[in-house]
Amino acid sequence: MPLSVQTRREKQKAELRAELVAAAHKLVQEEGYEGLTIRKLAKRVGYAPMSVYSYFADKQDILFALAEDAFETLARRIEEHPSDDPIEALQAVMTEYAAFGLGNPNEYRTVFMTEKTRPPEGKTFVEVHESNPAMKVLISRVEACVAAGKLKGDPRAIATTLWAVGHGTISLLITFPFYPFGDPQAFVKRMCDFALAGLMTQDMPPLTETPPNR
């Protein structure tokens, strides 16, 4: 059946938004956070700045779109590395997270190291975090480790601890490139193994008294 006028318009709008997000990724990869402006983004896709404003109210909206897209890409990359060993499957999350960050330092800075001053329109920060596909994969793999008796405690708390270690490690590698860390991937693995070894010795309590529902 032929598409209705409204359906065609929605499809065209979604395609243009995807084009803008893809262009924003490239702009950030080339010029970093400072190079991401509505005017530059409009010029890159060949549209008037006002056309971009009909999709993104400001730079914060673009940042959320980039983050959402980056987390989806990261989740897909992680899912490409399943393992029957739950610990190995969990380690794959850290490996892919590191590869993403070290392979795209400007984008990592922009997505993971830029303060988000407000949530996207129509959502709360809690809803944003709850819908993060990469975090969902991380938590699910932690849950598999807990079910197998490899780790003990609250899966979200364990996942958040691993994320904190991974983020801190990658942030240091990006912002202090001349420090003698040695091979970056080897250093990431060392930190991951260090964190997992510590987590295996304890029963991790929840981060808060009322953990959010998943």
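Student: By class, which residues make up the lining of the largest pocket?

Tutor: Classes first: Ala, Val, Leu, Ile, Met, Phe, Trp, Tyr, Cys and Pro count as nonpolar, Asp, Glu, Lys and Arg as charged, and the others, Gly among them, as polar. Here the lining of the largest pocket has 14 nonpolar, five polar and seven charged residues. Keep in mind that this is a predicted model, where local features need pLDDT of at least 70 and side-chain atom pairs count only at pLDDT 80 or more, while totals for chains, interfaces and linings use all residues. Numbering runs from 1 along each chain as its sequence is written, and side-chain values use heavy atoms, with hydrogens and water left out.

Student: What is the volume of the largest pocket, and which residues lie nearest its centre?

Tutor: A pocket is an open set of points on a 1 Å grid over the protein atoms alone, where a 1.4 Å probe fits, with protein on both sides within 12 Å along at least five of seven lines; lining residues have an atom within 4 Å of a point. The volume of the largest pocket is about 670 Å³. Its lining counts 26 residues, with Phe64, Ala67, Glu68, Phe71 and Val128 nearest the centre.

Student: Which element gives the largest share of that lining?

Tutor: Helices are DSSP runs (H or I, at least four residues), numbered from the N terminus. The largest share, seven residues, comes from α4. Domain 1 (1–56) and domain 2 (58–213) each supply at least three lining residues, with bounds from an automatic or database domain assignment.

Student: How many residues line the second largest pocket?

Tutor: That pocket holds about 340 Å³ of space. It is lined by 18 residues, and His129, Asn132, Met135, Thr160 and Trp163 are the closest to its centre. By class, 13 are nonpolar, three polar and two charged.

Student: At what angle do the axes of α6 and α9 cross?

Tutor: Two packed helices are described by the angle between their axes and the distance between the axes. Axes are lines fitted to C-alpha atoms, for helices over the stretch in contact, and angles run from 0 to 180 degrees between N-to-C directions. The axes of α6 and α9 cross at roughly 130° and come within 11 Å. That makes α6 oblique to α9; under 35 degrees counts as roughly parallel, over 145 as roughly antiparallel, 65 to 115 as roughly perpendicular and the rest as oblique.

Student: How do α5 and α10 pack?

Tutor: Helix α10 (residues 184–199) packs with α5 at about 140°, the axes being 10 Å apart. Therefore α5 is oblique to α10.

Definitions and conventions. Points joined across faces, edges and corners; volume = space filled by probe spheres on them. Helix = DSSP H or I, 4+ residues; strand = E, 2+ residues; numbered from the N terminus.
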